[in-house]
Amino acid sequence: MNKPTNDKIGLNEIMKRAQEMQKKLSDIQKQVAEMEVTGQSGGGVVKIILTGQHYAKKVTLDANLMREEKSIIEDLIAAAINDGTDKIERSLRDKMGGLAGMKLPEGLGDLPK
């Protein structure tokens, strides 16, 4: 029976790395789900706390904002939601970037010659 050479990748090594990546991905998903961010607009007159799962947890409106037109308030609320969503997505991209740094076994990504 032929033993694998150093140039060949063992199935056990591939499985081990895949499991490591899966665990890291699971950890990242948990971290993001548990995080909270504050989206703001209008210089902080509207603040919305969002969870990592994009659920609004709390909305805070400056009392002076109530004097504004309804459409302005609506636009500021939408902008604060978008700000919070952007923060969640940026955090997720940053955390996922760490997965890209995981080194695959040598030869795994090589094209056949």
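Started with Asp 83, which forms a salt bridge with Lys 87, the closest N and O atoms sitting 3.4 Å apart. For my own record, I count a salt bridge when a side-chain nitrogen of Lys or Arg is within 4 Å of a carboxyl oxygen of Asp or Glu. I'm working on a predicted model, where local features need pLDDT of at least 70 and side-chain atom pairs count only at pLDDT 80 or more, while totals for chains, interfaces and linings use all residues. Residues are numbered from 1 along each chain as its sequence is written, and side-chain values use heavy atoms, with hydrogens and water left out.

Next I looked up where that pair sits. Asp 83 and Lys 87 are four residues apart in helix 2 (residues 70–100), so about one helical turn separates them. Helices here are DSSP runs of H or I with at least four residues, strands are runs of E with at least two, and both are numbered from the N terminus. Asp 83 is partly exposed at 22% relative accessible area, and Lys 87 is partly exposed too, at 28%. My cut-offs with a 1.4 Å probe, protein chains only: buried is under 20% relative accessible area, exposed is over 50%, and partly exposed is in between.

How many salt bridges does a search of the whole structure find? It finds five.

Glu 13 comes out partly exposed at 27%, and Arg 17 is partly exposed at 22%.

Then I checked Glu 36, which has a salt bridge to Lys 57 with the closest N and O atoms 2.2 Å apart. Glu 36 is in strand 1 (residues 36–41) and Lys 57 in strand 3 (residues 56–61), so this pair ties together parts that are 21 residues apart in sequence. Glu 36 is partly exposed at 44%, whereas Lys 57 counts as exposed at 54%.

Last entry is Thr 51, which I found in strand 2 (residues 46–51). Is Thr 51 buried or exposed? Thr 51 is buried, with a relative accessible area of 15%. I also listed its contacts (heavy atoms within 4.5 Å). Leaving aside neighbours within four places in sequence, Thr 51 touches Met 35, Glu 36, Lys 57 and Ile 88. Glu 36 and Lys 57 in that list are the salt-bridge partners from the entry above.
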